[in-house]
Number of protein chains: 2
Amino acid sequence: MIMQKPSIPKGTRDFSPFEMVKRDYIFNVIKGVFIKYGYSPIETPALENLSTLLGKYGEEGDKLLFKILNSGDFLSKTNPATIQEKDSNSFAMEISEKGLRYDLTVPFARYVVQNRNDITFPFKRYQIQPVWRADRPQRGRYREFYQCDADVIGSDSLLNEVELLQIIDEVFTLLNINITVKINNRKILAGIADLIGQPDKMNEITTVIDKIEKIGLSNVRKELKERGIPEKAIAELSPFLTMSNKNFEIIKELKERLNNSEQGLRGIEEVEFLLKMTESYNINLKPDFDLTLARGLNYYTGAIIEVRSDDVPIGSICGGGRYDDLTGIFGLKDVSGVGISFGADRIYDVMEQMKVFPSEVTASVRILIVNFGEKEQNQCLEILKKIRKAGIPSEFYPDAVKLKKQMTYANAKQIPYVLLVGEEEIKSRQYTLKNMITGIQEKLALTEIIEKLRQ
Amino acid sequence: MIMQKPSIPKGTRDFSPFEMVKRDYIFNVIKGVFIKYGYSPIETPALENLSTLLGKYGEEGDKLLFKILNSGDFLSKTNPATIQEKDSNSFAMEISEKGLRYDLTVPFARYVVQNRNDITFPFKRYQIQPVWRADRPQRGRYREFYQCDADVIGSDSLLNEVELLQIIDEVFTLLNINITVKINNRKILAGIADLIGQPDKMNEITTVIDKIEKIGLSNVRKELKERGIPEKAIAELSPFLTMSNKNFEIIKELKERLNNSEQGLRGIEEVEFLLKMTESYNINLKPDFDLTLARGLNYYTGAIIEVRSDDVPIGSICGGGRYDDLTGIFGLKDVSGVGISFGADRIYDVMEQMKVFPSEVTASVRILIVNFGEKEQNQCLEILKKIRKAGIPSEFYPDAVKLKKQMTYANAKQIPYVLLVGEEEIKSRQYTLKNMITGIQEKLALTEIIEKLRQ
């Protein structure tokens, strides 16, 4: 046998018990809010046909898909010419039919179309599953990470957007994370693209605008020029990128500038509605209308939303928007939807850095019964059985090793109580309970011990 | 845009909201028992290095691994000779470095070795995650399915085996599934292989014995012969395969037959201990000692366990065993462990067929507020906010469509109550609550409604 040094693929992570309880806490908070707001769970396979995934995330996204090698003698079905040309991209398509889920939105659209006859619309679904991207790993960017999505499909009411903003508000309030929520509307961006005479370039322009925070206005101008946007159009675009940061002032100014664009005006009205509604229905959440917010994904057509932590610069921790035709590519036309996605891994990083996990989010075992040896063993197992019957997470150390080792184990596992059941204790039916935090020991009957553990 | 007919890879499944609540029920029961017994959660990545996975599941297992195509220009790093030879297996190793998790045990062993300095042993961990196998799909066999594992590593006490049997007992009692539990011990099988003069062929012999229930004794003899086991050895083996089915009778007979095999006798003692302990500590569970139980996986070295449904012939729904050196290949010697794995997908199939899901395992939304239009909208949203504040899953239909459509929606989603908030109701602050099961309508104040929904 060759000895292997154990390792995991870069960009992936193991999660220890201490990390898991914190992660579970985040998932449970998000899931609890989704359920309270009437969303139902679904799950889709990790593997999707590549035909489902390709072309949905832009050229860059296609490259980041993890592709699964076909099983069996896959080479026998390949075209020798492709191999000789050494074209990895074309060759990949000959030896791979499946890929790993890249997000939850496209599989959801596929699910909706495939199961359209069993779904009653509007369909409010949530989905909490990992996704995979062959991205370069860096801070806050992993190759395997969880998304927590809520979408409503089959309703174009803006009340859905309002509800999703309420969910964002409630989740981050519960998690104790300070956030800034930015909103914008793709219809406004389309209106602007129209106005500057570049309606076909809208996606390209928004992709560049999206980077303004990172690279600055002058670099945005430069990149737009490199991408072939005429100087005149860039000049006409510029005032939109340097507008006031007061929500209702931007709206006023935009209404004037875009008063010839039906689409643009509709977008402004939608933003206005969301701002007014969140003002009346939310407590903490005050979205900022930010005209430079574009969101990379091409399928958005209406409202777009992005959430960042005020304290930790780790990028977007939640985002979403409305898409008017995501199911169209799979054959179901004119079904509008809107959704948001929480990035659980980044949320974890923020909470860890800000130390905002509640103190009760710790290991769950409440008591360890010390193993003194075979003589007391049966008695210990009987006591253990009763404690467990009361629903209390508990354990009996499986080996009769030194007391010190067993105490070290209890401490390492953050078990708050240890029970000593010796000869004397068995006789008196009064067992020694040690509080591992205070160090206090007391002799108690089993019913008293169970009572204490329940607190 | 080309229209795509949506589909998913064969052997994979989508899960609808109705399936999800039932699946969640199973996971929660298993997780709850694991926690009560003092097991802590971990998670490992879906992607592992192929070097971690290959050679751990036998030749057959290696073929069933889903391999991930390397990113980028993978062809440039290949050896032209391998391609010309059209050897898919060798070529796969040149263009793929990662694979999908095949089970949870090998990743767990890898985790333990990699994190040995942070772990206090014995390490009791549970892990509930999907695994992937490129197996031919058939009833009860999926290409993506969940395993729910509990293992104790770093303790060779047989009390761990007893505890795992208790967990099996408790989980299936809670799930209301009638089971038969078979146990055996690899040390006995090794002792028999010794006795018949075939110590090196033990794995091969057990693999064949494992099929006895499927193919019968005469075919087992035939296959052993084909695999080169001498006639004499097969003749000596036969009495072991046709022994009594009474636990303590087999033990008595085995002790005589194997009285020269130290290893064999130790195995018998271990089985005896488990049978005695389960007799004194369990209520429902009575394991059957079955000498023909072998379990395919080569890493087992001691007790082996297998659970089947008494009512649905779907194969093993839980299984496990002791492994004395699983971490050895990763560089950590002499660490014994024992574990079990619940097959949640087959458990689901059994429960569905036997109709044993509790009736309260249904959709969670408790109330739908009907949308009559803009005039009543704000009032409805206020009421909704209060109901949600009380923690009750609830929703407001987002569009002001016909009442009938909204009622159909409530029925399809199995929402038990619908609230009607019309002009009159707003004035009187008495809202019409309709019970969707009985059809009864009554006018109630909001506090009364919330009280009712809480029941």
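Start by selecting E163(B), which sits in helix α7 (residues 159–175) of chain B; helices here are DSSP runs of H or I, at least four residues, numbered from the N terminus. Its relative accessibility is 7%, so E163(B) counts as buried (under 20% relative accessible area, with a 1.4 Å probe and protein chains only). Now show what touches E163(B): leaving out residues up to four places away in sequence, you get R388(A), Y37(B), Y39(B) and K124(B), where contact means heavy atoms within 4.5 Å.

A quick word on the model. It is predicted, so local features need pLDDT of at least 70 and side-chain atom pairs pLDDT 80 or more, while totals for chains, interfaces and linings use all residues. Residues are numbered from 1 along each chain as written, chains are lettered from A and ligands numbered from 1 in written order, and side-chain values use heavy atoms, without hydrogens or water.

Next, select helix α8 (residues 186–195) of chain B: eight of its ten residues are buried, so the rest of the structure largely encloses it. Among the buried ones are I188(B), L189(B) and I192(B). At the helix start, a side-chain oxygen of N185(B) comes within 2.9 Å of the backbone nitrogen of K187(B). After α8(B) comes G197(B), with a positive phi near 75°.

Hop to chain A and select α8 (residues 186–195) with α14 (residues 262–281): they pack at about 150°, axes 7 Å apart (axes are lines fitted to C-alpha atoms over the stretch in contact, with angles from 0 to 180 degrees between N-to-C directions). Residues to click include K187(A) and D194(A) in α8(A), and R266(A) and E270(A) in α14(A).

Methods:
Buried means under 20% relative accessible area, exposed over 50%, partly exposed in between (1.4 Å probe, protein chains only). Helices (H or I, at least four residues) and strands (E, at least two) are DSSP runs, numbered from the N terminus. A polar contact is a pair of N or O atoms within 3.5 Å; within protein, one must be able to donate a hydrogen and the other to accept it, and residues adjacent in sequence count only if both atoms are side-chain atoms.
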